[in-house]
Amino acid sequence: MRKIYKSLLWASLGIILSMSQLIGQHLVEKFTVANTADPGLSDGWILDIEEDQDGIIYIATRDGGLNILIGDQWSILTMEDGLPSDRIERLLVDSENRLWIGTALGYMIWQNGTLIPPSQLFDELTEIKSISQDRNGHLWFGTEQELYIYDGSNLNAMFSEMNFIGSSEVLTDRNGDIWISRWNEGLYHYDGANWTKYDTDNGLSHLYIRCLAEDPSGNILVASNEGVDLFDGISWTNILEYITIRDLYISEIGDIWATSSNGTYLFQNNEWEKQDIGLPYPEDQSICFKMTANGKLLIGRYQGLSHKVGDNWTHYKATNGLGGLTIM
């Protein structure tokens, strides 16, 4: 793939940022004071979690918009504040500390307490399922219909010329290679020149891939409806069988946390152990992970958010807001 430098990245958004200061002033006020008296989620169904360089936690919900946590203070952004949809599918904090908010009906950028509306360049971006940034600063967007790359100047569709439809997960590895999962078709690897497809005939345990990750050794991990597969650059190995895995978090020392259809698992010292996370109500299905910069583990679930500091857990559920508590 030809190298495209990002010197023009965000230049076109400067004018938009300036024009949105009045909106930003309103959002900053809401951002700092909302829901402090009754901490809780606007919706108990958590789809993604991100942390920015300032330690602010962003929580994507299924029907309750974007929940923001600073210390113990909560705020909520919804369609009433300018989001295109209250269903937040995916979040990404980029190298410039901007939060990209991928929704069912398009995207927004949250920067310095301001919602920046999309430019016309991104009109095609709807039903966003994944957002990733590669080492060159390029942004990759997976949608229901396409895979797009934004090089700082242009938004290009990658799949149209290959007769592909849709992508669910996008991973950019340490070498700059791209790994893309597609609905019930398997995994595609792009090394900058060639595409390689992996499916159940050449290594994968299942075609329904839910998550992609890279460990400290550069191995690629694929979570699916049949557990976790590991690719070491040569061959595939199934390291966890017969469990539907929804998300993976890999620590700096290689420990693997996995959210699954029947609980939370930790892989360390070459073995898996189911974790008792001390829920104050019957165990539900975990969806997504995030380890914060200060060592706080956050687990998004169908019934709320749990975070662990040391050996202590704190649990949030939907106590106010739009969607209420969603139970599967």
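**Entry 1: the core.** I looked up the largest nonpolar core, which has 16 residues; Leu221, Val228, Ile245, Leu248, Ile256 and Trp272 touch the most other members. The strands β17 (209–214), β18 (220–224), β19 (227–231), β21 (245–250), β22 (256–260) and β23 (263–268) each supply at least two residues of this core. With 3 residues, β21 gives the most to this core. I take a nonpolar core as a set of buried Ala, Val, Leu, Ile, Met, Phe, Trp, Tyr and Cys residues joined through side-chain atoms within 4.5 Å. Buried means under 20% relative accessible area, exposed over 50%, and partly exposed in between (1.4 Å probe, protein chains only). In soluble globular proteins, nonpolar side chains tend to be buried together.

**Entry 2: basis.** I note that this is a predicted model, in which local features need pLDDT of at least 70 and side-chain atom pairs count only at pLDDT 80 or more, while totals for chains, interfaces and linings use all residues. Residues are numbered from 1 along each chain as its sequence is written, and side-chain values use heavy atoms, with hydrogens and water left out.

**Entry 3: Leu248.** Beyond its neighbours within four places in sequence, Leu248 is in contact with Cys211, Ala213, Leu221, Ala223, Val228, Ile256, Trp257, Ala258 and Phe289.

**Entry 4: the whole chain.** I recorded 2 helices and 28 strands; helices (H or I, at least four residues) and strands (E, at least two) are DSSP runs, numbered from the N terminus. Of the 328 residues of the chain, 56% count as buried. Among contacts with a separation of 6 or more, 42% are between residues 24 or more positions apart. The accessible surface (Shrake-Rupley method, 1.4 Å probe) comes to about 14800 Å², and 46% of this belongs to carbon and sulfur atoms.

**Entry 5: β1 and β2.** I found strand β1 (residues 46–51) mostly covered, with 6 of its 6 residues buried. Strand β2 (residues 57–61) runs antiparallel to β1, and 5 bridges join them; pairing requires at least two DSSP bridges between two strands. Glu51 stands opposite Ile57 in β2. The two strands form a hairpin with 5 residues between them, and Gly55 in the turn has a positive phi of about 80°.

**Entry 6: Asp48.** The side chain of Asp48 reaches the backbone nitrogen of Leu91 at 2.9 Å. Apart from neighbours within four places in sequence, Asp48 is in contact with Tyr58, Ile59, Ala60, Glu89, Arg90, Leu91 and Cys288.

Methods:
Polar contact = N/O pair within 3.5 Å; in protein donor to acceptor, adjacent residues only side chain to side chain. Contact = heavy atoms within 4.5 Å.
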